[in-house]
Amino acid sequence: MIRLVRAEWTKLFTTKVWLGLLLGSVVMVAAFAVFFTAFAGEDESGLPAVGTPLYEDLILSTAANANILFLILGIIGMTQEYRHRTATPTFLTSPRRGQVVIAKLIAYALAAAAFALVVVIVNYVVVVIHAGARGAAPSLDGDNLATLAASLVALVIYAVIGVGLGALLRNQVGAIVGGLVYLFVIEPIIRSVPATAGAYKWMPGGGLEALTATFEGPDLLEAWQGGLVLLGYGLLAALLGTLLAVRRDVV
Amino acid sequence: MRVEVRGLTKSFGAVRAVSDLSFTVEPGQVTGFLGPNGAGKTTSLRMVLGLIRPDSGTATFDGVPYTALPDPSRTVGAVLETAFHPARSGRNHLRVYCRAAGLPLERADEVLRQVGLSDAGGRRAGSYSLGMRQRLALAAALLGDPGVLVLDEPANGLDPEGIQWLRGFLRHLAHDQGRTVLVSSHLLSEVEQTVDRVVIVGAGRLVREGSMADLRAGAASGGTVLVRSPEAPRLADALRADGAQVAADGDGALTVSGRTAAEIGSRAFAAGVELHELRPHTSGLEEIYFQLTAGQEQFAAPTPGAPVAQGATR
């Protein structure tokens with residue numbers, strides 16, 4: 001199993017996809033933090049002021065906005081095997097295909113943890129500089145550390161969901177487009193329509209918001225429950241993906 | 001290591017791709033797996049290698065199915081696909097599978113040298129020519145130094161020089177090193193000089209399994225003899241009296257079947273007939289192959305006693 005995990009890392013780090021996604025995540029999170037802090041406390045923005053607990057909760061959760069890029073990392077990690085038809089040599093080398101998918105889940109969870117650590121550090125550093133310049137840099141106390149850690153965990157789970165989703169769908173473009181549509185169209189609609197808003201807390205996005213932070217959000221679960229919901233989706237995707245990869249013919 | 005295929009059957013929806021296919025691949029020989037495009041060769045090989053689940057039947061390596069092999073990379077090497085991640089270098093592609101199989105990373109450089117790709121190892125696989133891709137795929141199959149090699153149309157995209165090299169390489173692996181080599185092709189002429197045995201399939205069924213020598217003998221015995229004589233009608237009568245089949249082509253030429261050139265010559269000598277030409281016209285191997293695999297569409301709706309059985313028992 002360690003051999004297969006290391007093989008997945010070799011695959012990941014011998015192309016430049018990881019670099020693009022990591023840089024994209026860093027830029028995205030830094031930009032979010034800067035804009036949010038710039039308009040924090042302004043009346044027309046409606047955002048909480050720098051130095052308030054709500055501001056610190058929200059600003060240190062901006063790393064979680066990179067969830068789409070971590071989802072894509074996981075999707076590409078799995079679907080590249082089918083897109084570039086390397087599934088054949090991969091499954092020839094390891095005919096017990098379940099092990100390949102499990103190795104991918106482990107490899108991408110660990111790689112995502114390292115990338116997410118970079119992202120939350122960038123998140124924190126940008127906020128310390130910018131909010132510090134505006135008068136009150138958040139301290140690295142227990143609450144704020146927990147917020148950063150929650151973002152990190154959420155990003156790792158999204159990468160795991162991506163691997164599972166990729167194993168389910170196999171089509172790279174389809175899985176990425178489907179992921180984008182789900183995250184940016186379907187979930188926001190469910191979140192905002194009163195009739196369906198009650199179900200939102202049970203969805204991945206609802207779990208994410210409960211785990212990290214929410215702003216003018218709907219009814220949500222407790223943070224730890226949200227974390228469990230999100231983890232549940234990660235495991236479900238991983239399990240279904242593994243079962244299907246084992247059963248399907250590689251033609 | 002012996003590869004045994006027993007009763008493999010696979011349908012994709014309503015299409016029967018492979019039907020009750022059985023054959024054996026022996027070590028120390030190059031076995032050609034031949035059939036026209038769409039005959040089910042690739043599907044069969046993928047079932048042998050555990051990538052496609054057969055509806056029924058088994059394929060084993062010294063009695064063990066591929067998916068149960070304790071160390072598949074060191075046991076079987078396969079070239080099924082010449083597709084690589086275009087942004088990954090050839091060397092890194094090989095290193096991925098070194099890692100997965102627990103082989104030292106140096107094996108990547110060793111097999112690159114073996115297939116003559118040392119200089120291109122650092123380049124992106126996406127920039128490789130078709131021939132280089134074939135070589136890289138072969139290099140990947142050789143990583144674990146396996147006793148069995150399975151190659152699906154490995155000559156596709158190779159230039160004449162590359163094909164020449166591949167022939168020598170495969171013969172070397174089988175004859176000198178005693179490995180089991182199974183190589184598929186849709187062209188008999190492509191592998192004719194390389195293979196020792198043939199397994200011919202058509203429309204997913206076995207048409208013929210045997211040695212190249214058998215196939216050549218079949219080709220020779222099915223031939224006719226061309227005879228030219230100024231006294232053609234007299235010779236024709238003499239041969240017909242012996243029971244040979246003779247067709248007069250006019251201009252003193254006869255086409256005789258059912259007799260060898262030697263038999264015709266001695267009959268002519270006995271009858272005192274002057275001969276100007278005596279030439280065996282054996283149908284080539286390629287012709288035999290076409291006869292065996294021609295009109296395979298008809299087998300899609302199998303009828304009892306169809307020409308398949310004839311071909312298989314001849």
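**Exercise 1.** In this predicted model, find which residues of helix 8 of chain A are buried, and state what covers them.

*Solution.* Begin with the cut-off, by which a residue is buried if 20 or more other C-beta atoms lie within 10 Å of its own. The residues of helix 8 of chain A that are buried are A:A175, A:I176 and A:G179.

**Exercise 2.** Describe the course of helix 8 of chain A, giving its span and where it bends.

*Solution.* Helix 8 of chain A runs over residues 172-192, which makes 21 residues. From its first C-alpha to its last it reaches 29 Å, close to the 30 Å expected at 1.5 Å a residue. Along the way, helix 8 of chain A bends by about 40° at A:Y182.

**Exercise 3.** Work out how strand 1 and strand 2 of chain B are joined and paired.

*Solution.* Strand 1 (residues 3-12) and strand 2 (residues 15-25) of chain B pair in the antiparallel sense, over 7 bridges. As one example of a bridge, B:L8 has B:L21 in strand 2 of chain B as its partner. The two strands of chain B form a hairpin with 2 residues between them, and in the turn B:G13 has a positive phi of about 60°.

**Exercise 4.** Characterise the contact between chain A and chain B from the side of chain A.

*Solution.* The contact takes 24 residues from chain A and 28 residues from chain B. On the side of chain A that touches chain B, helix 1 (2-13) and helix 5 (87-93) of chain A each supply at least two residues, and helix 1 of chain A gives the most, with 6 residues. Sorted by class, this side of chain A has 8 nonpolar, 9 polar and 7 charged residues.

Terms used:
Residues numbered from 1 in each chain as written. Chains lettered and ligands numbered in written order. Predicted model: local features only at pLDDT ≥ 70, side-chain atom pairs only at ≥ 80, totals over all residues. Contact = placed C-beta atoms within 7 Å. Helix = DSSP H or I, 4+ residues; strand = E, 2+ residues; numbered from the N terminus. Nonpolar A, V, L, I, M, F, W, Y, C, P; charged D, E, K, R; others polar. Expected span 1.5 Å × (residues − 1). Bend = angle between axes of the 7 residues up to and from the residue. Buried ≥ 20, exposed ≤ 12 C-beta atoms within 10 Å, placed from the backbone. Pairing = 2+ DSSP bridges.
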